[in-house]
Amino acid sequence: MVESVASGELLVELRRNSGVALHQQLQAGIRDRIRDGRLRPGAALPSSRALAADLGLSRGVVVEAYQQLVAEGYLISRTGGYTLVAPDAVGSARAVPADGLLPEAEQPPRIDFKYSRPDVSQFPRAAWLRSLRKVLTEAPHDRLAYLDGRGADELRLAMADYLNRVRGTAARPANLLICNGFAQGSRLVLQVLAAAGHRRLAVEDPSDWELRGVAAAQGLEVVGVPVRDDGIDVGQLERSGADAVLVTAAHQFPTGVVTSAGVRAALVAWAVRRDAVIIEDDYDAEYRYDREPIGAIQGLAPDQVVYAGTASKTLAPGLRLGWLIVPARLVPAMAAAKLADDRGSAALDQLAFADFVSRGEFDRHLRRMRPRYRELRDTLVDALARELPELRPSGISAGLHLTTSLPGDLDEKALAAAAFDRGLGVYPLGPYRMTAGPPGLVFGYGSLTAAAVPEGVALLAEAVAELRS
Ligand SMILES: Cc1ncc(COP(=O)(O)O)c(C=O)c1O
């Protein structure tokens, strides 16, 4: 009988009694993995002692296999007993690029005005570590078990307090649901609304195109409603026959329009009259520069609004932390949908964030970041005024991005392509539009340095000159 043994230290499988010596099987297994790129140049192999114990072999078998592969140039051995895949291992196929980076063509541009990215180099690591250490030391064991579908009590309490204080919401911890960012939160909301009988979702035109696909996948019909200078056109929304709408009221994405008090009141009146649901994507409301903060619509109509917030703009998108305030009637279905989706968001991150918010660290971080982003915004607006005065910026009063108009002779796609050739990322408005509209560009400035911003605008001016020459 051929008996297989596999190692947990290194994925190779050996067959005893197969007629091929074990050290040869081991050599062949390691060689194959180096050749197909699964073992990368520089990767460390387990010690011969550990691998032998794991495979139930004598250590001599592993040593012999390693020595042969060293002789062939696949491995190198280092003093201290380390064995590594040789940096120039013969024939390594690089199925995964050795440095883990994207192939050259997919590298992001050197200066990238990719929208709405925060400066993750400013992530408050020390404060986060204090929170993490505290919860690891103090949290009761049961906080590491499966949690309520709405998330950890501590975080729901902390976020309800925070949002009611800062965003003027009317949240109760019982109505808070923690999710993996807006991406998951919005998908679950759309799923639950579709299951509850909603049929037609209105979205702002222009808006994020990804969400339209998500809504369609849930069986919702998606209709676009134009955004005016004071927010979504409520008259058209009324005529659209929609029974749900998604708005980015505090700072419209991508135009940056701030929804006026009148439009917010009209939206609420529409939702109440029609028993419709407003999904309020409050993605970057924490950054407001020149005007009074505008409270969330949720505070005006908690029974009609699903409010969505995210840590992606304030702390880091990689945290995958978001929160929803859900009308009471939708809470059980939302909690069940979250549990069915992933059994809940990571407990330690939730607890650490709860501690971070409760100790005022979130406020402190935002207080520190606001002037930085404001300075970047000012630098960008100044550079545009100096180098490209024809591109008029708008939507500048909040968030981490702005948009500009383009003169009629400039094609937004051609300009973005010419900029890209210069190592500059700027992004056309067109893909966000559902119906034709004037050309424009979207500039995210949150992750750039103050020096890169004018350099980027100078490159854009060169691209404009090239297109016109
Ligand atoms: C309009 C809008 N809402 C929300 C988000 C946040 O998404 P998430 O929380 O999934 O990172 C983004 C991200 O860029 C966005 O553009």
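Predicted model: local features only at pLDDT ≥ 70, side-chain atom pairs only at ≥ 80, totals over all residues.
**Close-up 1. The rings of Phe113 and Phe443 meet edge-to-face.** Their centres are 5.2 Å apart and their planes stand at 75 degrees, so this pair counts as edge-to-face. Phe113 sits in the loop between β6 (111–112) and α4 (125–138), while Phe443 belongs to strand β19, so the pair ties together parts that are 330 residues apart in sequence. Both Phe113 and Phe443 are buried.

**Close-up 2. Phe353 and Phe362 make another edge-to-face pair.** From centre to centre the distance is 5.5 Å, with 80 degrees between the planes. Phe353 is buried, at a relative accessible area of 0%; for Phe362, also buried, the value is 0%.

**Close-up 3. A lysine over a tyrosine ring: Lys114 and Tyr427.** Look for Lys114 over the face of Tyr427, 5.3 Å from the ring centre.

**Close-up 4. Helix α13 (residues 412–421) has a buried side.** Glu412, Leu415, Ala416, Ala418 and Ala419 are the buried residues to look for. They lie on the same side of α13 because they cover an arc of only 160 degrees around the axis. Their packing partners are β17 (424–425), β18 (427–428), β19 (440–444) and α14 (452–468). On the face turned away from the buried side, you will see the exposed residues Lys413 and Asp421.

**Close-up 5. The two ends of α13.** Following the helix comes Gly423, with a positive phi near 80 degrees.

Key: Residues numbered from 1 in each chain as written. Heavy atoms only, no water. Buried < 20%, exposed > 50% of the residue type's maximum accessible area, 1.4 Å probe, protein only. Helix = DSSP H or I, 4+ residues; strand = E, 2+ residues; numbered from the N terminus. Arc of directions from axis to C-beta. Contact = heavy atoms within 4.5 Å. Polar contact = N/O pair within 3.5 Å; in protein donor to acceptor, adjacent residues only side chain to side chain. Phe/Tyr/Trp six-rings, centres within 6.5 Å; stacked < 30°, edge-to-face > 60°. Lys NZ or Arg CZ within 6 Å of the ring centre and 35° of its normal.
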